[in-house]
Amino acid sequence: MHHPLPGEPDSLKKLSDELRELAALFRERSVTLRDVMTVLGVRASALLCVILALPFCAPISIPGLSLPFGLAIATIALRFTLGLPPWLPRPLLDRKLPPRFFRAVLDGAGRFIGWIERRLKPRWLWLTHTRAQRRFHTLAILLSAVMLMLPIGGIPFTNTLPALAIVIGTLGMLERDGIAIAAAHGLLAATLVYFATFAAVGFKLVEQALRWLTG
């Protein structure tokens with residue numbers, strides 16, 4: 001069976017429909033990433049990237065999950081970039097999602113999901129014409145996932161910006177929407193600038209503190 005990866009064509013059900021089905025199926029019990037990938041079927045790897053990034057696009061309280069979620073997204077994106085089939089290590093596949101996770105995602109990110117679904121359509125197809133181009137775009141998702149994993153969630157938007165890049169970029173590639181893909185690259189660039197700014201300010205503060213202590 002062929003397993004589409006981020007950026008490969010496939011007829012998509014709406015993401016909101018997928019989430020509603022998952023919310024109904026896993027209504028009250030905890031669920032593992034393995035369960036989710038089994039239910040999602042051939043589009044599991046791409047949609048899993050979107051689903052795991054969505055909570056960080058909305059005010060959903062899921063402390064401690066940016067590292068495992070980011071690692072799962074980064075693993076999927078890296079394997080596609082290298083031309084390898086979808087795969088996750090067993091510890092990630094057996095990672096449990098909180099009970100009613102999908103209902104929380106729907107409640108928290110429902111409007112955002114609907115907004116982006118209404119705007120996605122095939123356009124700027126020259127951006128997704130070749131497999132090499134799609135691998136390059138997936139590299140942006142990989143970098144965004146790495147930034148999502150960084151333990152700096154207390155700073156505003158440090159999770160939100162890379163998560164938006166992952167969601168918009170992955171859905172853009174699935175729908176062959178070059179404008180969405182370009183927007184994802186823009187979000188990645190903005191994230192890099194944002195992180196670099198905080199790093200520069202942090203180094204400056206440390207430098208001033210050391211001068212004060214040693215002066």
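Reply: The account below begins with helix packing and then turns to individual helices and residues.

The model is predicted, so local features need pLDDT of at least 70 and side-chain atom pairs count only at pLDDT 80 or more, whereas totals for chains, interfaces and linings use all residues. Residues are numbered from 1 along each chain as its sequence is written, and side-chain values use heavy atoms, with hydrogens and water left out.

Two packed helices are described by the angle between their axes and the distance between the axes. Helices here are DSSP runs (H or I, at least four residues), numbered from the N terminus. Their axes are lines fitted to C-alpha atoms over the stretch in contact, and angles run from 0 to 180 degrees between N-to-C directions.

Helix 1 (residues 15–25) and helix 6 (residues 101–119) have axes that come within 9 Å and cross at roughly 165 degrees. Helix 1 and helix 6 are therefore roughly antiparallel; angles under 35 degrees count as roughly parallel, over 145 as roughly antiparallel, 65 to 115 as roughly perpendicular and the rest as oblique. Their crossing is left-handed, a term used if the near helix is turned anticlockwise from the far one by less than a right angle, with right-handed used if clockwise. In contact (heavy atoms within 4.5 Å), Leu15, Ser16, Leu19, Arg20, Leu22 and Ala23 of helix 1 meet Phe102, Arg103, Val105, Leu106, Ile113 and Glu117 of helix 6. By class, this contact has eight nonpolar, one polar and three charged residues. Ala, Val, Leu, Ile, Met, Phe, Trp, Tyr, Cys and Pro count as nonpolar, Asp, Glu, Lys and Arg as charged, and the others, Gly among them, as polar.

Helix 2 (residues 33–40) and helix 3 (residues 44–53) form a second pair, packing at an angle of about 130 degrees with axes 9 Å apart. Helix 2 and helix 3 are therefore oblique to each other, and helix 2 passes helix 3 in a right-handed crossing. On one side of the contact are Leu33, Val36, Met37 and Leu40 of helix 2, which meet Ala44, Ser45, Leu47, Leu48, Ile51 and Leu52 of helix 3. The classes here are nine nonpolar, one polar and no charged residues.

The expected span is 1.5 Å times one less than the number of residues. The 16 residues of helix 4 (residues 66–81) should span 22 Å, and its end C-alpha atoms are 22 Å apart, which agrees. Helix 4 is mostly covered, with 13 of its 16 residues buried; buried means under 20% relative accessible area, exposed over 50%, and partly exposed in between (1.4 Å probe, protein chains only). Gly83, with a positive phi near 80 degrees, follows helix 4. Helix 8 (residues 160–174) has 15 residues and reaches 21 Å from its first C-alpha to its last, close to the 21 Å expected, and 14 of those 15 residues are buried.

After helix 8 comes Arg176, in the loop between helix 8 and helix 9. Arg176 has a positive phi of about 60 degrees although it is not a glycine, and it is buried, with a relative accessible area of 16%. Trp124, in the loop between helix 6 and helix 7 (131–149), is another residue other than glycine with positive phi, near 50 degrees. Trp124 is partly exposed, at 42% relative accessible area. Val206 lies in helix 9 (residues 178–214) and counts as partly exposed at 47% relative accessibility. The C-alpha atoms of Val206 and Arg20 are separated by 48 Å, the two being 186 residues apart along the chain.

Terms used: Helix = DSSP H or I, 4+ residues; strand = E, 2+ residues; numbered from the N terminus.
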